Amino acid sequence: MKTTVTFFPVGNGDMTLLKFESGRTLLIDVNIRDAADDPEDDTPDVGAELRERLNQDDAGRLYVDAFVLSHPDADHCNGLREHFYLGPPSEFPDDSDKIFIRELWSSPIVFRRASRNLTLCDDAQALQAEAKRRVKRFRDSRGPLVEGDRILVLGEDKGGKTDDLGDILIKVDDAIQRINGEYDRSANIQLLAPLTISEDDLVEESLSKNHSSVILRIGLTANGNENACIFLTAGDAEVGIWERLWKKHAAQPEVLQYDMLLSPHHCSWHALSYDSWSELRESAAVSSDARNALAQALEGAFIIAGSRPVKDDDCDPPCIRAKREYEEIAKSVRGSFVCVGERPSEDNPEPLEFEITTAGPRHLSRPMRVSVIRGAGAIGGQPLAHG
Amino acid sequence: MKNEATYAPIALGRAVSLMQRHPNIQRVRVPQVRNGVIDVEAAISVGLPSRWLAPGRSPNGVLPVEPVLFRFPEGFPLRAPRILLRQDFDRSLAHVNPGPPNEQPSPCIYDGNLDELLQRAGIAVILNQLVVWLENAALGRLIDPAQGWEPVRRDSLRDVFVFDADTMRSRVNRDAGHRLFRLEYVLKQSSGRSAIFGTVTDSTTLSPTSAKDAFRKVILRDGVQYGVSVALFVWPGRRATGKLWLAGEYRPETVCDISSLVARAKDYGCDTQLANGLKWVANCLKGGVTSDATVPVAIILCARRPFHLIRSDSDLELCPYIAELDSKSSFKASGATGVRPAGHRDAISVRLLRRMSDTDSSRENPRWIQIGVGSVGSKIALHMARSGAAPSTVVDSGYLFPHNAARHALPPVGDRPDRACFLGKAEAVSNAARQLAQDCAPFNLDVRDVLRNEEQMNSLLPRRAWAAVNSTASLSVREALASCRNLRLRTIETSLFSDGRIGLVAVEGPDRNPNCGDLISSVYELALRDSDLRRVMFEEPDSVRRVDTGLGCGSPTMAIPDGRVSIFAASMAEAIRLLQIEGLPGSGQILIGKLSDDGIGVLWRKFEALPCKVVRERRDSASPLVRISQLAHGRILEEIGRWPGKETGGVLVGRFSDAAETFYVVDVLTAPPDSLRSATHFVLGKLGLRQSLRDYARSCNYALYCLGTWHSHLSPSDPSARDYETARALEVSRLTPSAVVIRTPTDYRLALAT
């Protein structure tokens, strides 16, 4: 089966679908805004695009084998309640067209109570409740869980809150060997973050949810060749995390190597620098450790910005200066920087899809659609005055 | 006024504008007019994997941005642009159209006609296809071993040879060899170039001495030449290691002369056989052609591929070429002698017909007999033959007359239609089947006579055959088939009724129960219960009339157009084809088709026909029979259940066949209210019965009518004296034979007056 990685045009936000050679699917984050569901709005209908790519189970439900929320910010979980089923699998309504999550991968932040540093949007709260429900199922059953109840907790939490999680706890630097309860050789997934940080650290460093971001290094198999593409995905991890990662892996930088990088926090300057881009502009300083952590690109690598078009302005994210840094990194390996919001055009961005081949990822061409040629154009899209 | 083809500049402008907006086209250069064509160059981005982006090309040389030339012909937009790749594009990739090395390579991006694709889907789809092609080329996916080896595309070549590839392949063994075949060809000159259409037929053992009469050439008209020549077939053997010579490398079709042909034969491991074969052909030509002449010779090279060809189970690719050898050089093929690649078309064969009909070609063709090849039967037979399942036998005593030209599947042949008469219909269909590469034995016989002759019947209608399809539309043939108790072969009747507004396919059940007599009786019963069918079949005037076919001559037939016959005949043929694929049903089957009110469509309904209860008076084979339909049987049991401990009864309705000496009981009518029931006897009353029987028979125009009575016995006893008395009373009271049927707790018994 073809291995693909699809980045959906969700503005400044992330939504990435991986289809492994085994046929299993992993969805990383979701950002289906109300406007995307509105047929009258020009925002790409990413909900429909996602559904088109999912398989149906025997009960006719669309499903993902695993869903991971990198961190509980709205631009990573918008539309979750609208499009995904959250609740006990036995209570899935017959007439529902929601997407079924066979296994949920959650960061340990779900165990934290809301606080000044942790306010959650409605979708994030719903996911937190679902994660808690699944963890409770695990604790109550003490045995293998069924699809729809399965959960993995990615990273340990402070104070021993996660110590009793046994098989469902993935510690940092460990491999996730099973997807939806099954060993899957078509993906070598290693958890690089969230690093275990105490709540005190969070307060001290004025760190936010972004620091709880799950960072995964995913080696994808193509035609039986393991690690045909190394994909690094990092949610909104910021400069402090990258510095720590570099310090940790500087002696073995291959841990951070990639053929494809989803640039953290939608091409944000804050993944590379502590300085404010809008205030300091070109005099803002790059953290060399953070840059090193993000510069381990392999030959021909793609660096993806999951963001709106990158403009030369004060905006951050996406930040033009960050783009320049990434372009430089890409150029050094004759790779390329691609912004999801700009492909194929800024006016009409479409899902950016890569096929994983034995020679690495390749950008899958999108055929020119008849709807583009024979669509109604302006008619119906805007009021047309007639004299 | 000369209708000059011109460019449609607006259409071209639109195409270029659309090209500019294609997501994979980086830039489009201003169109250049050159020698009557317009070239548009575009830079197409190709999605290469990341690790090839650093070296800037795929291992086989495809660039991340490929320059492509779109050569728009004068006929655009009726004709699609030609797509040309850069001169140094790797030609050894599969799916590159054949062409000489000095021309830019042209990719074969679509498995079909590009002109048609342009009309259907527009230039964008051609661009999409091209992008997919370039990416597959880069990724080495143009040939997928799982799908099979892709043979060189030869469908756009002017010269074409027809031969049966399987027959040719069957000559190939593990040792290299060559063989000559007879080639019949037509050569046409057009646009200053010759094009040859040839048929390679039987193998021939030509020698220089026997070649005298082997070569012929006749100029027909307008420079069209018909001739007979030879085809040289050459195949590979083994390598020095003893292993079979496999040609595993894909090579573009660039053969243009004998030198390049020999080089190609060398790749395929058959160059020695080619040289020997060409020498032999030259010697034969010298012996056989006396005048100054150029003789076209077909050369078919065979390449053994490492895996099977796409959509084929053979690994042998056959590559035909044409060489025109001339007497001035003693027909010797020198290196510079011109050679052109030629196309191949499969000869007509059952396999080809089945492939075209999407029918499994591995399945053995069942032996079946078509009785009656008039307007309906001939169409069914030809539909079946075209799907590779011609009848093995056709029986029809008729001859083709001029009026048959209106509806028979076979139009008159020859220069003068009136001379085409007096050919037996069976023979005409048999000839047509032969043209379709199938054997179909014709018998110019009346099937009613065949059924009377046991030996002939067993020979023409053997019980081991699949089925006999009766398309005679003859009541007497149906009766003959129904009454022939020794006939073991299931029959399928196909008929039209009511001015071709109703069609019937009636399939007899296993052991001919229900038989065609039962089935037609059930059809009448079904029509009686369906107001629409009843109106068409029974209430409107009899549609069969005598149509004049000459002075004092006429044919009793329905005067309906050929198209209407075909509407039904096509469905009937499909029904038969599907029955052959799926097997005859486990019971009888009735398909009734009704022409739509607008006269252009047919709606078919399917009914299951369960076996009848067969009641005999005596054990001998000539005994009259009563055949009771499942419907009637069910109603009889129901009525008995209603009167426990008492005899009850009713009236039998259906039809009687004189020929078959058979009562076909389709239904029973309830006894009138003044009937008397007791443990020892049943008396059928009369209140309103005469009227209801009259109404019943009238409602179906007397197709079905009263057949007698039935009653129950409480024990398994034979007819009583009273029963026979009633039977005799019935007998004398009417002209139609009557039956008295008794239902005992275990079976049926029969009392007849005589």
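**Chains A and B, in questions and answers**

User: How many C-beta neighbours inside 10 Å does B:Asn701 have?

Analyst: Happy to start there, with a reminder that this is a predicted model, in which local features need pLDDT of at least 70, side-chain atom pairs count only at pLDDT 80 or more, and totals for chains, interfaces and linings use all residues. Residues are numbered from 1 along each chain as its sequence is written, while chains are lettered from A and ligands numbered from 1 in the order in which they are written. B:Asn701 counts as partly exposed; a residue is buried with 20 or more other C-beta atoms within 10 Å of its own, exposed with 12 or fewer, and partly exposed in between, the C-beta atoms being placed from the backbone. The C-beta neighbour count of B:Asn701 inside 10 Å is 14.

User: What is the phi of B:Asn701?

Analyst: B:Asn701 sits in the loop between helix H18 (689-699) and strand E31 (705-712) of chain B; helices (H or I, at least four residues) and strands (E, at least two) are DSSP runs numbered from the N terminus. Although this residue is not a glycine, its phi is positive, at about 55 degrees.

User: And what is the phi of B:Ala437?

Analyst: B:Ala437 belongs to the loop between helix H10 (425-435) and strand E17 (441-443) of chain B. It is partly exposed, with 17 other C-beta atoms within 10 Å. B:Ala437 is not a glycine, yet its phi is positive, at about 65 degrees.

User: Which residue does a cis peptide bond join to B:Pro514?

Analyst: B:Pro514 is in the loop between strand E20 (502-507) and helix H14 (516-529) of chain B. The cis bond has an omega of about 0 degrees. The partner of B:Pro514 in that bond is B:Asn513.

User: What is omega for the cis peptide bond between B:Phe76 and B:Pro77?

Analyst: B:Pro77 lies in the loop between strand E4 (65-72) and strand E5 (82-85) of chain B. For its cis bond with B:Phe76, omega is about 10 degrees.

User: How many nonpolar residues are in the contact of H3(B) with H4(B)?

Analyst: From H3(B), B:Leu114, B:Leu117, B:Leu118 and B:Ala121 take part, and from H4(B), B:Ile123, B:Val125 and B:Ile126; contact means C-beta atoms, placed from the backbone, within 7 Å. Ala, Val, Leu, Ile, Met, Phe, Trp, Tyr, Cys and Pro count as nonpolar, Asp, Glu, Lys and Arg as charged, and the others, Gly among them, as polar. With no polar and no charged residues here, the nonpolar count is seven.

User: Which helix supplies the largest share of the side of chain B that touches chain A?

Analyst: The contact draws on 21 residues from chain A and 19 residues from chain B. Helix H2 (50-53) and helix H4 (123-139) of chain B each give at least two residues to the chain B side. The largest share, six residues, comes from H4(B).

Note on methods: Two residues are in contact if their C-beta atoms, placed from the backbone, lie within 7 Å.
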